[in-house]
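Hi,

Here is the structure I promised to pass on. Have a look at it first, and then read my notes below.

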Amino acid sequence: MASSNIPPRPQHPSTRLVTTGRDPAKQHGFVNPPVYHGSTVLYPTMESYVSGKQEFTYGRQGTPTVRRLEEAIAELEGGAGTVLAPSGLAAIATALLAYLQAGDNVLMTDSVYRPSRRFCDQLLARFGVETTYYDPLIGAGISELMRDNTRVVYAESPGSQTFEMQDLPAIAEAAHARDAFVLFDNTWASPLYFKPFQHGADISIQAATKYIGGHADLMMGTITANERALPDLQHTHRDLGQCAGPDDVYLALRGLRTLGVRLERHWEAGLEMARWLRSRPEVARVLHPALEGDPGYEIWKRDFLGASGLFAIELKPCDKEMLAAMLEGLAFFGMGASWGGYESLCVPFDVSPYRTATKWAPEGPCLRIHVGLENVDDLKADLERGFERMRALQHTA
Ligand SMILES: *Cc1c(COP(=O)(O)O)cnc(C)c1O
């Protein structure tokens with residue numbers, strides 16, 4: 001943690017991003033913490049080995065580098081403690097397993113990240129846990145779905161691909177009235193732009209693969225819990241043998257240092273692109289909760305501190321060839337799934353085949369856009385050329 005000549009908290013989050021999780025005085029003066037590669041931990045005496053009582057005991061149970069990242073994330077999220085997992089999906093799976101047992105029911109938002117959905121429908125189902133999907137816009141109405149065996153209410157806001165904003169305080173109040181745990185996937189906003197524990201969550205999950213890493217070069221998940229939820233999380237995390245690799249932990253800590261400046265830029269550039277796209281004749285609808293007039297705007301403004309660079313658009317109807325011509329010729333937008341890096345992405349998506357509680361029926365194809373750190377005019381020109389390639393095919397059709 002902070003060395004002795006750093007003034008006490010409270011400090012601004014951007015200051016904490018720089019100071020947290022390192023102590024140059026204990027690192028021979030080097031600015032960054034060292035990376036510990038290790039499985040075996042040696043004990044000085046037979047007594048200490050037999051009792052297992054020392055700070056570090058086994059590689060899987062964490063190293064000093066791991067502790068630094070856990071402390072930093074717990075502090076930024078505003079939770080009581082954090083554990084690390086080798087991917088965001090592993091973090092989601094660990095968090096769900098920590099609070100569920102056979103016979104339980106989980107209420108899951110219909111807008112959830114799709115692999116989370118598969119985990120519920122396949123693996124949890126095999127272990128006798130039943131999942132009920134709910135409309136992401138349900139708000140306080142979720143109390144009508146709560147049953148005696150509902151142990152977990154899971155939210156993700158904005159929703160994966162479709163960007164619905166959820167009223168987390170209302171959902172959490174209904175869940176807590178029935179003693180359920182509220183799990184929240186906070187990847188879109190990162191711990192900087194949404195404080196889930198101030199809005200009723202008991203557990204906050206990050207795909208650190210995305211903005212915390214920020215450079216498309218690592219896989220990691222973090223799970224942060226409040227006091228009430230932490231013991232179950234720690235036990236399940238330990239029993240599943242979850243841990244993250246030392247170099248990825250180091251890269252995630254390094255990513256954190258610039259998270260503030262990167263996100264400000266993603267937010268600003270993303271909004272500028274969203275506004276520009278809203279004015280384009282090819283675009284039917286822009287799905288961006290921080291854009292004035294978006295159905296989620298009021299909740300975003302009430303609860304969030306900022307926005308990231310990920311949003312979606314719905315195009316006016318066009319055929320597959322036109323869409324492929326647009327996407328395949330883009331110079332700066334790559335076609336790839338894992339967003340949150342410094343580079344822009346643009347991928348088609350269709351959630352209509354697997355939504356069950358809500359109907360998704362866009363008029364044309366949908367694109368999910370991640371606005372990276374490139375110059376915005378270059379990005380606009382790239383998309384503009386893409387729209388021209390679409391139009392060229394329309395005329396020959
Ligand atoms: C990418 C993502 C995940 C999964 O993270 P991985 O590290 O890729 O496993 C979870 N939730 C959301 C919202 C995501 O976008």
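This is a predicted model: local features need pLDDT of at least 70, side-chain atom pairs count only at pLDDT 80 or more; totals for chains, interfaces and linings use all residues.

Before the notes, one definition: I call a residue buried under 20% relative accessible area, exposed over 50% and partly exposed in between, with a 1.4 Å probe and protein chains only. By that scale L277 is buried, because its relative accessibility is 0%.

Residues are numbered from 1 along each chain as its sequence is written, and side-chain values use heavy atoms, with hydrogens and water left out.

Back to L277, then. L277 sits in helix α10 (residues 259-278); helices here are DSSP runs of H or I with at least four residues, strands are runs of E with at least two, and both are numbered from the N terminus.

**The ligand**

Which residues come nearest to the ligand? Of the 14 around it, they are G88, L89, D185, T209 and K210, where "near" means that a heavy atom of the residue lies within 4 Å. Helix α4 (residues 88-99) gives the largest share of this shell, three residues. By type, the shell splits into six nonpolar, five polar and three charged residues.

A polar backbone atom of L89 is 2.8 Å from an oxygen atom of the ligand. D185 places a polar side-chain atom 2.7 Å from a ligand nitrogen, and an N or O atom in the side chain of K210 is 2.6 Å from a ligand oxygen. The ligand taken alone exposes 380 Å², and the protein buries 91% of that. Areas are from the Shrake-Rupley method with a 1.4 Å probe, and for residues only the protein chains shown count as cover.

**Salt bridges**

How many salt bridges does a search of the whole structure find? The count is 20, taking a side-chain nitrogen of Lys or Arg within 4 Å of a carboxyl oxygen of Asp or Glu. R16 and E75 form one of them, at 2.4 Å from N to O. R16 is in helix α1 (residues 13-19) and E75 in helix α3 (residues 64-77), so this pair ties together parts that are 59 residues apart in sequence. R16 is buried at 5% relative accessibility, whereas E75 is partly exposed at 21%.

Helix α10 comes up again here. K380 and E272 meet at 3.0 Å, N to O; K380 lies in helix α13 (residues 376-396) and E272 in helix α10, so parts that are 108 residues apart in sequence are tied together. R275 forms a salt bridge with E292, with the closest N and O atoms 3.0 Å apart. That pair links R275 in helix α10 to E292 in the loop between β8 (283-287) and α11 (297-303), 17 residues apart.

Most residues other than glycine have a negative phi, and most peptide bonds are trans. Against that background, the S157 to P158 peptide bond is cis, with omega near -5°, and P158 is in the loop between β4 and α6 (168-177). D179 has a positive phi near 70° and is exposed, at 53% relative accessible area. S190 also has a positive phi, of about 65°, but S190 is in helix α7 (residues 190-193) and is buried at 0%.

**One more spot**

S344 is buried at 1% relative accessibility, and its side chain reaches the backbone oxygen of H370 at 3.5 Å.

Cheers

Note on methods. A polar contact is a pair of N or O atoms within 3.5 Å; within protein, one must be able to donate a hydrogen and the other to accept it, and residues adjacent in sequence count only if both atoms are side-chain atoms. Ala, Val, Leu, Ile, Met, Phe, Trp, Tyr, Cys and Pro count as nonpolar, Asp, Glu, Lys and Arg as charged, and the others, Gly among them, as polar.
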